[in-house]
Amino acid sequence: MARVFSSINGSANLLTSVRCSYSTCYRPMVVEMGRDQSYRASIESEIEAHLKKVISIKPPESVFEPMHYLTFATPKSTAPALCVAACELVGGERAQALAAASAIHLMHVATYTHQHMHGSGTKPGPTIDHKFGPNIELLTGDGIMPFAIELLAKAMSPARENSDKILRVITEVTRAVGLQGLLEGQFRAVEWTQSGNGDEEMLEYVCKKKEGEIHACGAACGAILGDGNDEEVESLRNYGLYVGTIQGMINGVGRNNYNNRMEELRISAMKELQTRFKGKKVRPIASLIEESFVPPSQSNLL
């Protein structure tokens, strides 16, 4: 991967010159974090703790056991962590974004479950052990989506006066996952695979819809809940879109060499942070994109 920005906030924190082929840079959705592991790991630990409070194995076990299993067995997306990181970047507290980050994870779980159901054939990215049959997986995925919205609705608090923000977040999440977002991306991915023509523009569109939209949603939701202004919300939405599109290319249906385009997207993402958040500590949220390109053997370069 060619050279990109070598410093943010005046220190040489970002990866400067690592080159690799697509095959060696291909990473599953759960990735090594290098020296920034504590930041993302701490976010994901709190999201998991939040989810364990609201999703326990209880009667009827036939409903809650598969829901519990799929929630915690599904490989993690970067989007929920991005939601919390964006909230903190604009001055919010982590607790303000946990419900939204948890809901975004649940939406990811539902769509991942539907795409990777037992017996559905080989799909890109990491897989999980199928403890339940396809009918149970299908129904559980269907049930997880409305539960995610319920989780968000319950986060409304008169004391925090956050009802308007939660309503905005619900709109953001449903739009990002719906027919003009992630679900469209899954449909277009099938079309792209079946066409067999290797259309690079279509692949990027697929990655933008499948991963970009939900990451853009995560970043925008975090900024909204952290009381960011409109410019900050839109800048972080753009950042999330770049991050997610890159993730889609890395984990994506093509698995070809798109290093040049990924580098362009990464540079655009870093410019969003440098332009809008100059003087703020952007290293934590920047690490969520930088880590994606680094094989474990080179994690010391982060």
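The largest share of the lining of the second largest cavity, four residues, comes from helix α2. Helices here are DSSP runs (H or I, at least four residues), numbered from the N terminus. The model is a predicted one, in which local features need pLDDT of at least 70 and side-chain atom pairs pLDDT 80 or more, while totals for chains, interfaces and linings use all residues. Residues are numbered from 1 along each chain as its sequence is written, and side-chain values use heavy atoms, leaving out hydrogens and water.

Let me stay with that cavity, a set of points on a 1 Å grid where a 1.4 Å probe fits but cannot get out, lined by residues with an atom within 4 Å of a point. Which helices supply at least two residues each to its lining? They are α2 (37–54), α3 (61–73) and α4 (79–89). Among the lining residues are Glu-44, Ile-47, Glu-48 and Leu-51, together with Thr-71, Phe-72, Pro-80, Ala-81 and His-105.

We turn next to the cysteines. How many disulfides does the model contain? The count is zero, a disulfide being a pair of cysteine sulfur atoms within 2.5 Å. The term buried denotes under 20%, exposed over 50%, and partly exposed the range in between (1.4 Å probe, protein chains only).

The aromatic rings come next. There is one aromatic pair. Tyr-69 and Phe-132 form it, with 6.0 Å from centre to centre and 65 degrees between the planes, an edge-to-face arrangement. Tyr-69 belongs to helix α3 and Phe-132 to the loop between α5 and α6, so the pair ties together parts 63 residues apart in sequence. Rings of Phe, Tyr and Trp (its six-membered ring) pair if their centres lie within 6.5 Å; planes under 30 degrees apart are stacked, over 60 edge-to-face, the rest tilted. Both Tyr-69 and Phe-132 are buried.

Finally, I come to the backbone. Most peptide bonds are trans, and most residues other than glycine have a negative phi. Where is a cis peptide bond found? One joins Pro-59 and Pro-60, with omega about -5 degrees, and Pro-60 lies in the loop between α2 and α3.

Glu-161 is not a glycine, yet its phi is positive, at about 50 degrees. This residue lies in the loop between α6 (134–153) and α7 (163–177), and Glu-161 is exposed, with a relative accessible area of 69%. Asp-227, not a glycine either, has a positive phi of about 70 degrees. Asp-227 is found in the loop between α9 (200–225) and α10 (230–251), where it counts as exposed at 56% relative accessibility.

Terms used. On a 1 Å grid over the protein atoms alone, a cavity is a set of points where a 1.4 Å probe fits but cannot get out, and a pocket is an open set with protein on both sides within 12 Å along at least five of seven lines; lining residues have an atom within 4 Å of a point.
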